[in-house]
Amino acid sequence: MIAPRRLFVATLGLTLLVAACSSSGASPLPSSSVEPSTGSAACPTSQPEPLPAGETRTVSVETDKGTFAIKVDGELSPIAAGNFVALAECAYYDGVVFHRVVPGFVIQGGDPTGTGTGGPGYTIKDEPVTATYGRGTVAMARTSEPDSVGSQFFVVLDDAARDALASYNTYQIIGTVESGMEVVDAIAAAADAENPTHPVVMTKVTVGNP
């Protein structure tokens, strides 16, 4: 059980303090998309094409704690899945850290500034959440504003986080950790604070077809 806490929601560079309202005390996951992108010149500058329903991709995330693989499924959230894959394909996530770790809840990364307020310079449209959050779920972080998803994503560490996340039910699920969940656990275990002093880096993120 995560101790009750207050949460920070970053919106257009302004940090708002909001009381957590779930029984676990876990927070929604802040995201913002106002900073310029990293990666190559081929990175998207606006919402990429959706990943069609029925299509999947395997996104491998290499870190100094090991590698874990995410099965991204267009059936879950086509727009968010297509966005994540497009950013991974252009090396946007290479060198980006997991800037937020909440033990028993999530690890969160994808902000090129490492502050929790950065993103690719654009946002994508919201989609309904039709799947269930649980250990290994990968979903996109966002602010409380509509259509605020950018590049930040999180991996759920424990099934116990389900109710807290479902109480908001706005975090677009894009897939699950297919292999290497022990690496995700190691990233969480390495953190010395919610915003780690020495965050784990995604050294290389690649996309493959199943």
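View 1. The side chains of Arg162 and Asp159 meet in a salt bridge, with 3.6 Å from N to O; the term stands for a side-chain nitrogen of Lys or Arg within 4 Å of a carboxyl oxygen of Asp or Glu. The structure holds six salt bridges. The model is a prediction in which local features need pLDDT of at least 70 and side-chain atom pairs count only at pLDDT 80 or more, while totals for chains, interfaces and linings use all residues. Residues are numbered from 1 along each chain as its sequence is written, and side-chain values use heavy atoms, with hydrogens and water left out.

**View 2. The salt bridge between Arg142 and Asp126.** The closest N and O atoms of Arg142 and Asp126 are 2.7 Å apart in this salt bridge. The pair links distant parts of the chain, 16 residues apart, for Arg142 lies in the loop between strands S8 (137-140) and S9 (153-156), and Asp126 in the loop between strand S7 (106-109) and S8. Helices (H or I, at least four residues) and strands (E, at least two) are DSSP runs, numbered from the N terminus. Arg142 is buried, with a relative accessible area of 7%, whereas Asp126 counts as partly exposed at 32% relative accessibility.

**View 3. The salt bridge between Asp185 and Arg135.** Here the side chains of Asp185 and Arg135 come together in a salt bridge, at 2.7 Å from N to O. This pair also links distant parts of the chain, since Asp185 belongs to helix H3 (residues 181-190) and Arg135 to the loop between S7 and S8, 50 residues apart. Asp185 is partly exposed at 29% relative accessibility, and Arg135 is partly exposed at 41%.

View 4. Strand S3 (residues 56-63) is mostly covered, as six of its eight residues are buried. Two strands pair if DSSP finds at least two bridges between them, and S3 pairs with strand S4 (residues 66-73) in the antiparallel sense over eight bridges. A hairpin of two residues joins S3 to S4, and the bridge partner of Val59 in S4 is Ile70. S3 also runs antiparallel to strand S12 (residues 204-208), to which five bridges join it, with Glu62 standing opposite Lys204 in S12.

Methods
Buried < 20%, exposed > 50% of the residue type's maximum accessible area, 1.4 Å probe, protein only.
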